[in-house]
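Have the sequence and the 3D view open side by side, and let's take it topic by topic.

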Amino acid sequence: MSLIDLLTGNTGNQVAEQAEGKFGISRNQVIALLAVAAPLIISYLRNKSQDSNEAESLNKALDKDHDGSILDDVSQADARQDEGNSILSHVFGGDKQNVENQLSQNTGISIDKIGPILSMLAPVIMGYIGREKQQNNVGAGGLGDLLGGILGNASNQAQNQQSSPLNDILGSVLGNGQSQSSGNPLNDILGSVLGGGNQQKQQGGGGLGDILGSFLGGK
């Protein structure tokens, strides 16, 4: 299953439905958040996996806690919210608050809800990575390539499929993240695509903020 299949299929929709019911925000907002957060988390993990100790730690975590069963029972996402928060703290480290602020600004989800919703999404994203790892029989040494492949395939799929708001979001995020990496996913994805207000104005309507705006109905 590709990353886009995860986001656009039953799993993404079921998680969005859960979050909509729990937090009172629109399903589109959750799906838009997932479309940006998933590549961001995967990018951070790819960077971390370049360090052999981090790769080994991630490999053990995936084997122990993230076998992909959550994809078959998405109701686990709510129950595993505390675990999701721990995942985010490890993945983003000192960038966590900045990531949440940027995502809140660009999805229209209030800052007090963005963290809890991301905490619901994180175990789902980790479960997806864990299932891909199992299916491809990848160990610690191959995690960087696996994660890079997930992002690369999703980028190609988003650009080759018929244009849709979700594909446009992913194409914007992944297209930027795959080119001329600065080595910092926050800069590559959030800084260049989401964050810089001046940059976005210069893009003349081509920025992700505009795409998100149309997808979310101006929220």
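Predicted model: local features only at pLDDT ≥ 70, side-chain atom pairs only at ≥ 80, totals over all residues.

**Around Ser 49**
- You'll find Ser 49 in the loop between α3 and α4 (52-65).
- Its relative accessible area is 9%, and buried means under 20%, so Ser 49 counts as buried.

**Helix α3**
- α3 covers residues 27-48, which makes 22 residues.
- From first C-alpha to last, α3 reaches 31 Å, close to the 32 Å expected at 1.5 Å a residue.
- Most of α3 is covered, with 18 of its 22 residues buried.

**Helix α6**
- α6 runs over residues 81-92, twelve residues in total, and reaches 16 Å between its first and last C-alpha, close to the expected 16 Å.
- Which residues of α6 are buried? They are Gln 81, Gly 84, Ile 87, Leu 88, Val 91 and Phe 92.
- Looking down the axis of α6, those buried residues fall within an arc of 105°, so they line one face of the helix.
- The general rule behind such patterns: an α-helix has 3.6 residues a turn, so residues three or four places apart point the same way.
- The buried residues of α6 pack against α2 (10-23), α3, α5 (76-79), α7 (96-107) and α8 (111-135).
- Just after α6 comes Gly 93, with a positive phi of about 55°.

How values were computed
Residues numbered from 1 in each chain as written. Heavy atoms only, no water. Helix = DSSP H or I, 4+ residues; strand = E, 2+ residues; numbered from the N terminus. Expected span 1.5 Å × (residues − 1). Buried < 20%, exposed > 50% of the residue type's maximum accessible area, 1.4 Å probe, protein only. Arc of directions from axis to C-beta. Contact = heavy atoms within 4.5 Å.
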